[in-house]
Each structure stands twice: as structure tokens, then as C-alpha cells.
Amino acid sequence: MSTNDPEKLEASIHRLLRSIPDRRAPASLEARVLGELSRRAALPWWQKSYAYWPSAVRAAFFVGSALAAALIVSGLFVLVRSSGATALAGGVAERFSWLVLARELFAAANDRLRVLIGAIPSLWIYGAVGTVAVCYATLAAIGAATYRTLTFARQNP
Amino acid sequence: MRKYQDMVFTTSARLVKNDAQAEDISQEVFIKAYEHFEMLSTSPAAGGWLKTVATNLSINHLQRYRNRWRFFSELGGRADSEGEDSPTIEFAAPDTFFEGVDADERRVWVEEALAQLPEHQRVPLVLYHFEDISYDEIASRLGVSLAKVKTDILRARAALAKILSRGGESLEALSH
């Protein structure tokens, strides 16, 4: 018997698939689940997520975090307001004066590089960009062709 | 757990087509169930909840694998072309495939036929026929277009019918 009526095929396939009994789960599944549950239960609370911490510890952690945040904010506030803040800022700037030198060196190198690139004929640059693009596309095509060939071979042994 | 483990394992195995991965997913499903034990122990919908979680975890597993290879697998566009016309394929009606075949044999036969389908056909077919998920929902869960889901399912049915027809002939030949 042969047909090409998609609705009839849908109904037949549906009936067929729904008539298939479930597979038997591996005998090891139950032991694995129980083993994993035991392993997780045996973990100390500090190795579990916050939701599993004891209530007292959670409350203490919350209070401690709030106190630490308040301490940091008030410390910064006091530091900025204090008379020694300007002197401290000067000291920090002096300690990191090498950053200014590094920035000047970087700017000089950047200028030289721009002059150098400006001297290269634009045709060379376009050629190099084109070559890189062709190499990239070739490698991607080889990779895709290999993957599709292997996948097709696996799906149609 | 014993009541539902076959259903959970079967749901995962049909989607991921790999028994070891299906067992891992089933384990994760039951661990999640344990975390929601209070809610599930009295709920008449516990089976549905487990099936939904098994389906979602299996799809997540496949998505992770698929994302890794999507670029290469879709570069040529041959296997995943969208919006194509419905294929006209002659197939044998599957009602007559299993006359005189017992349920276990039938299950093995169909599972093997399903496993021969490519993933982009098998997964939507399983979701539609086994899990009763609509075309729209399948498209949104798999992140593909509605047209592609419909085409893939249509082709999967035709391919499944063809595979089963071939198997039917060989089984018939073996029984003589």
C-alpha cells in the first residue's frame, strides 16, 4: 500500500509512535541518582549555594556585608574630607609618574607608525587585506566541507 | 522515581540519541525533582513536570552541542535550507508495517529508525509526536523558523516511513 497524502502519513506516524512503549531505564540510574544525592547532602554548607546556608549564617552574612559596605563608604568619605587628602593625591601621582612617560612613548611610536603606513602604497594594503580574506574563506570552506562530509558519512553509513 | 524513570530516560534518549548522555540528563532531572520534592510529592502533575524538565534539559544539551557546530553545518545551507516547498515523496502507509510484530520488537524497530534520522529532523518530529508540542512552540524552542520546522517534520515522517518500509521487507524476508 502506497500513499503520498501528508495528512494520512501524519496520522499513521502519530498512531505508530504513540503506540511505542517506553524504553527501560538503565539499572544503574537509580543508584547514580541516590549516590549523587548522598554526595551533595554530605557537602558542608559552605560548599553549597547561598540558598542552602543555615538561616543564622545567612543573616550574619547579610549583616556583615552591610557593615563592610558601610565601613568602606564612610572610610572613603573621611579620606576625601581629611586635610591629608591633597598630600596623599600628590604622593600617588608622584609614584605613578612613569605612566606619563609611557603615554608619551606610546604617542611617539603611534606617530612613527602612522607615517610608515602612509608611505606604503594603498594597492599593497588592499592586496594584503584581500590575501588574508581569501585565506580565511578557504580555511572556513575546507573546515565546513570536512565537517559536512564527516557528518553525512555518519548519518548515512 | 521507579515509577517515572523509564519515561524520563526514554524522553531524553529519543532526543539526544545517546544512552550515556540520556542517563546523565535523567540523573539531573531526578536531582531537580528531589529539590522540588515538597511540591511534587503531592502533585498529580508530577509526571508532566518530569517530562517537561527532561525535554528542556535534552534540548539545552543539544543546543550547546549545536551552537558549537552551527557555523560549519549551515555554511553550505544544504541540510538546513528554509522555506522549501513541501517534498512529494511516495511512501508506504505505516499502518501495515507491524502486523504480527510484538510491542518490544516494534519499539526496537522504531527507535532504530528514529536514530537514523538526522538531528534536525528527529528532534522536531519527537517533540511534535511524542511530547505534543505545537509547531510554533518547537520553532521557538529550537530557535528556527516555523517553515523550517514544518518542512523538517514533513521530511522526517517521509524518511521514517521509507526506513520502516525497507526494514519491513527485510524482516519479512528474515521470517521466511
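Guide: Take helix α1 of chain A. The buried residues of α1(A) are A:Leu9, A:Ser12, A:Ile13 and A:Leu16. They cover an arc of only 95° around the axis, so they sit on the same side of α1(A). That arc is taken from the directions that run from the helix axis to the C-beta atoms. An α-helix has 3.6 residues a turn, so residues three or four places apart point the same way.

A word on what you are looking at. This is a predicted model, in which local features need pLDDT of at least 70, side-chain atom pairs count only at pLDDT 80 or more, and totals for chains, interfaces and linings use all residues. Residues are numbered from 1 along each chain as its sequence is written, while chains are lettered from A and ligands numbered from 1 in the order in which they are written. The model scores ipTM 0.73 and pTM 0.61.

Now the length of the helix. α1(A) has 13 residues, which at 1.5 Å each should span 18 Å; its end C-alpha atoms are 18 Å apart, in agreement. The expected span is 1.5 Å times one less than the number of residues. Helices (H or I, at least four residues) and strands (E, at least two) are DSSP runs, numbered from the N terminus.

Next, the chain it belongs to. Chain A holds six helices and one strand. From the N terminus, the order is β-α-α-α-α-α-α. Of its 157 residues, 5% are buried. Helix α5 of chain A, residues 98-119, has zero buried residues out of 22, so it lies largely in the open.

Two residues are in contact if their C-beta atoms, placed from the backbone, lie within 7 Å. B:His129, in helix α6 of chain B, touches A:Ile13, A:His14 and A:Leu17, not counting residues up to four places away in sequence. B:His129 has 22 C-beta neighbours inside 10 Å, so it counts as buried. Its C-alpha is 9.6 Å from that of B:Ile153, which is 24 residues away in sequence.

The largest nonpolar core has 40 residues, and B:Val29 and B:Leu160 have the most contacts inside it. Such a core is a set of buried Ala, Val, Leu, Ile, Met, Phe, Trp, Tyr and Cys residues joined through C-beta atoms within 7 Å. Elements that each supply at least two residues include α1 (6-18) and α2 (28-42) of chain A, and α1 (5-16) and α2 (19-35) of chain B. α8(B) gives the largest share, nine residues. Domain 1 (1-75) and domain 2 (84-176) of chain B both contribute, so the core lies between them. The domain bounds come from an automatic or database domain assignment. In soluble globular proteins, nonpolar side chains tend to be buried together.

Chain B itself has eight helices and one strand. Of its 176 residues, 32% are buried. Among its contacts between residues at least 6 apart in sequence, 69% join residues at least 24 apart.

How far can you trust chain B? pLDDT is the predictor's confidence in each residue, from 0 to 100. The chain averages 78, and 73% of its residues score at least 70. Within chain B, confidence is highest in α2(B), at a mean of 92, and lowest in strand β1, residues 91-92, at 52. Residues 76-86 of chain B have a pLDDT below 50, yet this stretch has 14 contacts beyond near neighbours in sequence. Residues 169-176 of chain B are also below 50, with zero such contacts.

Terms used
Buried ≥ 20, exposed ≤ 12 C-beta atoms within 10 Å, placed from the backbone.
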